[in-house]
Amino acid sequence: MDNPRDVSAKETIAQAKDLVIDSIAETMDLYGITRSAGILYGTMYLSDEMTLDEMREELQMSKPSMSTSVKKLQDLNVVKKTFHRGRRKHSFVAEKDFFKFFTSFFPKKWEREVKVNLMAIQDAQKALEDIIESEGLDESIKEEARTLYDQLEHSKPYYDWLLRLAKSVQSGEIFEFIPIDNKK
C-alpha cells in the first residue's frame with residue numbers, strides 16, 4: 001500500500017473514526033459514563049469484536065482500566081461477552097443498534113434518578129413532618145416546613161412520570177408513540 005492516495009484515504013478513514021469515537025465518548029460523559037469507557041465503547045462500536053488485550057493495545061490503557069470499563073459497559077447491557085469454542089480469551093462486542101442502546105442505557109439512569117430522589121424526598125418529608133407537628137416552635141418556622149413539604153410533594157408526579165417513561169422505553173412501547181423513522 002505505497003500508493004499515496006491509498007495512504008491518504010486510510011488516514012481520512014482513521015480521522016473519521018476518531019471523530020465518531022470522540023463524539024460517542026463526549027455524549028456518554030454527559031450521562032455519567034467515564035470518557036475512557038466512552039472511548040472504549042466507541043472503539044468497539046466501530047470494530048467487530050475485541051479481546052481485552054486488543055482493547056489495551058488499541059487504546060494504550062492498562063488492563064485493569066480496560067476490565068473496569070468493559071464491566072461497566074456490560075452492566076449497562078451495551079457490551080456483551082462472546083464465546084468462541086477453542087479460544088482461551090474472551091472477546092467482547094458492542095451493541096451497534098442505538099435504539100437497543102437507548103432502551104438499555106437510559107431507563108437505568110432514569111430509574112436510579114427516581115430511586116435516589118424519592119428516597120431523599122421521603123427522608124426530608126419525615127424530618128419536615130416532625131417540625132410541623134412539634135409543639136413550641138415559631139409558627140413561621142412551621143409554615144416554612146409546610147411550604148417545603150408541599151413543594152416536595154408536588155415533585156412526586158414527575159418521578160412517577162419518569163418511571164413510567166423508563167418502563168415504556170424498556171418495553172419498546174415508546175416506539176408506538178414515537179415510531180422509528182428508517183429514512184436515511
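Author: Let us begin with a single residue and its contacts, where contact means heavy atoms within 4.5 Å. Leaving aside its neighbours within four places in sequence, T82 is in contact with E49, H90, S91, F92 and V93. The model is predicted, so local features need pLDDT of at least 70, side-chain atom pairs count only at pLDDT 80 or more, and totals for chains, interfaces and linings use all residues. Residues are numbered from 1 along each chain as its sequence is written, and side-chain values use heavy atoms, with hydrogens and water left out.

Reader: In which strand is T82 found, and is T82 buried or exposed?

Author: Helices (H or I, at least four residues) and strands (E, at least two) are DSSP runs, numbered from the N terminus. T82 belongs to strand β2, residues 79-82. Buried means under 20% relative accessible area, exposed over 50%, and partly exposed in between, with a 1.4 Å probe and protein chains only. With a relative accessible area of 18%, T82 is buried.

Reader: Which residues have the most contacts inside the largest nonpolar core?

Author: In soluble globular proteins, nonpolar side chains tend to be buried together. A nonpolar core is a set of buried Ala, Val, Leu, Ile, Met, Phe, Trp, Tyr and Cys residues joined through side-chain atoms within 4.5 Å. Here the largest such core has 36 residues, and L40, Y41, M44, M55 and V79 have the most contacts inside it. Among the elements that give two or more residues to this core are α1 (4-30), α2 (35-45), β3 (91-94) and α6 (139-171). M55, leaving aside neighbours within four places in sequence, touches L40, M44, M50, Q60, M66, V70 and F92.

Reader: How is the packing of α3 and α4 described?

Author: Two packed helices are described by the angle between their axes and the distance between the axes. Axes are lines fitted to C-alpha atoms, for helices over the stretch in contact, and angles run from 0 to 180 degrees between N-to-C directions. The axes of α3 and α4 come within 9 Å and cross at roughly 115°. Angles under 35 degrees count as roughly parallel, over 145 as roughly antiparallel, 65 to 115 as roughly perpendicular and the rest as oblique. α3 and α4 are therefore roughly perpendicular to each other. Across this packing, L52, D53, M55, R56 and L59 in α3 meet K63, M66, S67 and V70 in α4.

Reader: What is the accessibility of R56, and which residues does R56 contact?

Author: R56, in helix α3, is partly exposed, with a relative accessible area of 32%. Leaving aside neighbours within four places in sequence, R56 is in contact with M61, S62, K63 and M66.

Reader: At what angle do α1 and α2 pack?

Author: α1 and α2 pack at an angle of about 140°, with their axes 8 Å apart. These two helices, α1 and α2, are therefore oblique to each other. Residues making the contact include I21, I24 and M28 of α1, and R35, I39 and Y45 of α2.
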